[in-house]
Amino acid sequence: MPASVKKITPWRETWRQLLRSTGRHGRAFRASVIGLAAAAVLQGLALACVVPLFVAVATARDGDAALAWLVAMSALMALATVCRWLAQGFDYRGRMAEATHDLRTRLGEQLRRMPLEKLQDRRAGEFNAMLLGSVDENLAYTLTILNLILTALLAPLACALALFAFDWRLALALLLVFPAIVPLYRWRRPAYGRGMRALAQAHQRTSADILEYVQGLPVLRAACQTGEKAERLRAGFAHLEHIQTLGHRKGARPNLVVTSVVELGLLLMLAAGVAWAVAGTLDPAILAAVFVIVVRFAEPLATFVMYTAILELIETALENIETLLAVPALPVAEPAAGRPAAHDVEFDDVRFRYAQADAPSIKEFSATLPARSLTALVGPSGSGKTTVTRLLMRHADPQRGRVLIGGIDIRRLRPDQLSAMISAVFQDVYLFDDSILANIRMARPGATDEEVEAAARAAHCHEFIARLPDGYRTRVGDIGGRLSGGECQRISIARALLKDAPIVVLDEPTAALDSESEVAVQQAIDALVRDRTVIVIAHRLSTVVGADQILVLDDGRIVERGTHAELIAADGRYRAMWEAQQRTKSWHVERHGHAGSPTAP
């Protein structure tokens, strides 16, 4: 539903969402809000003591009564201060920080459980804004805003009710101001809701643009131009500015109307009081006390509706959080299975279509990958090769068919069981901005330094690590930016070797490397795939000539299968691809040879 027509969340539901978001601290949070409400009521009763105090002082006959009311007012104010201090201890004692940490942890765990297909629909910067901005907007200032709102509402209400003991007309007049706030609030709330949702979306978009721009900055600098991404970033900034400016411009006049209506109501009440005092039906001392009360409450009452705008920001953050938490994890089918004894892989009549796609990426896909064998997936871009590996790693579930390991449907395996059985080495390596030791050890956090070094030696990366200033303690930079492509790739292979999983997925890990790096990486891969079930996505067919079987994909279907020799003899799609690559290779050799010849024209 568009933000402009989105149904307004009832305050009761917002309150429930707040309690859910505070988790194990929900009871303490509820007690804090109750404490703030009690403080607001006590503050209103304390201010109501001004009326009998002024009357006692004006008569100048009963000093004991004046002193008693002064003591009562002071005691009530002291109680209000104590209640507010204890209530805000939720912040002061660090419980709010703990609740925020717990909520971020819950969101992080949800990201880990969510189908990766869902994660790919959102940009990384949007999740960054949600995990940081939305959580802070949800909890960090909630008690402060609730304190302002409760003080603006309950203190005047308690004071007005107490005024009935002294003059029912002024008490009733003050109470009539409250009904005027209700239609004003209902009038402004939809606009506040739309504005805050648009602002939150603009912040998420800008956060994503900034993250994308910073990660691509080396490319933009190398091109000596700001590029399309910079234009996108500037457009995002301009959109955010437009949303903010529009909100201020459209809110200025309505906010002035709200403030004016409330303050006008209070002025009319005072005018009535003056008329009653002139007519002799109202004690001037009571009127003077009411003047003090009105001055105290005029601003909070007038700005109450604007306080609620911040509540809309909190509600928007809550909606974002609840939406993310509501995404179901891929279910584990019953009965759950233990870890398979064998590690052969089977795709049984698999059909899969991405959520945003018009057509299936995989159709009637059936194949058996024997244990300790190497199976290559080849075919043009978009033929479904990567989708096959994603289904094996259960980034999503097929709409039809089964994926089995050792004869067990992977939907019956717990996510940690499945993850423990598969290592993946991708063409685009992601290293975290941490030490080399930590990047390798993340495959098996309990591994010793010696085990990490052994994996690095097997992956042929110990030599270059030893040459680095801090050795294994060297930080690799954002996305491994301080290392070469071949070095990053070998570290990722060391990570896979340390994990020691029986099934290995290789997504053309040598495609973007120079010849020297390719040799080193290929040696590391040879160590990784030994005695394992291997599925490799191949673009260069020369790298999979020795595969036990080659599956040729086109438009999501297997169009040919067999060994290299069998497929060459079949004179089909694979042979056409092979000969095309051989011609390209021959063309490169001839072209480079002529270019280097002194007799070349």
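1. A residue is called buried here when its relative accessible area is under 20%, exposed when that area is over 50%, and partly exposed in between, with a 1.4 Å probe and protein chains only. The model is a predicted one, in which local features need pLDDT of at least 70 and side-chain atom pairs count only at pLDDT 80 or more, while totals for chains, interfaces and linings use all residues. Residues are numbered from 1 along each chain as its sequence is written, and side-chain values use heavy atoms, with hydrogens and water left out.

2. Ser423 lies in strand β6, residues 422–425, where helices (H or I, at least four residues) and strands (E, at least two) are DSSP runs numbered from the N terminus. Because its relative accessibility is 3%, Ser423 counts as buried. Once neighbours within four places in sequence are set aside, Ser423 is in contact (heavy atoms within 4.5 Å) with Ala496, Lys499, Ala501, Ile503, Val504 and Val505.

3. Helix α19 comprises the 15 residues 485–499, and its end C-alpha atoms are 21 Å apart, which agrees with the 21 Å that it should span at 1.5 Å a residue; the expected span is 1.5 Å times one less than the number of residues. The helix is mostly covered, with 13 of its 15 residues buried, and Asp500, which follows α19, has a positive phi, near 60°.

4. Strand β8 (residues 533–537) is largely enclosed by the rest of the structure, because five of its five residues are buried. This holds for both faces: Thr533, Ile535 and Ile537 are buried on one side, and Val534 and Val536 are buried on the other. In a regular strand the side chains alternate between the two faces of the sheet.

5. Two strands pair if DSSP finds at least two bridges between them. Strand β3 (residues 374–378) pairs with β8 in the parallel sense over four bridges, and Leu374 stands opposite Val534. Strand β7 (residues 503–507) also runs parallel to β8, joined to it by five bridges, and here Val504 stands opposite Val534. Val504 is also one of the contacts of Ser423.

6. A separate point concerns the open sheet of four strands in the order β2-β1-β4-β5, whose pairing is antiparallel. Its edges are β2 (362–369) and β5 (408–409), each with a single partner strand, so one side of each is left without a neighbour in the sheet. Strand β1 (residues 345–352) pairs with β2 in the antiparallel sense over five bridges, and Phe347 stands opposite Ala367 in β2.
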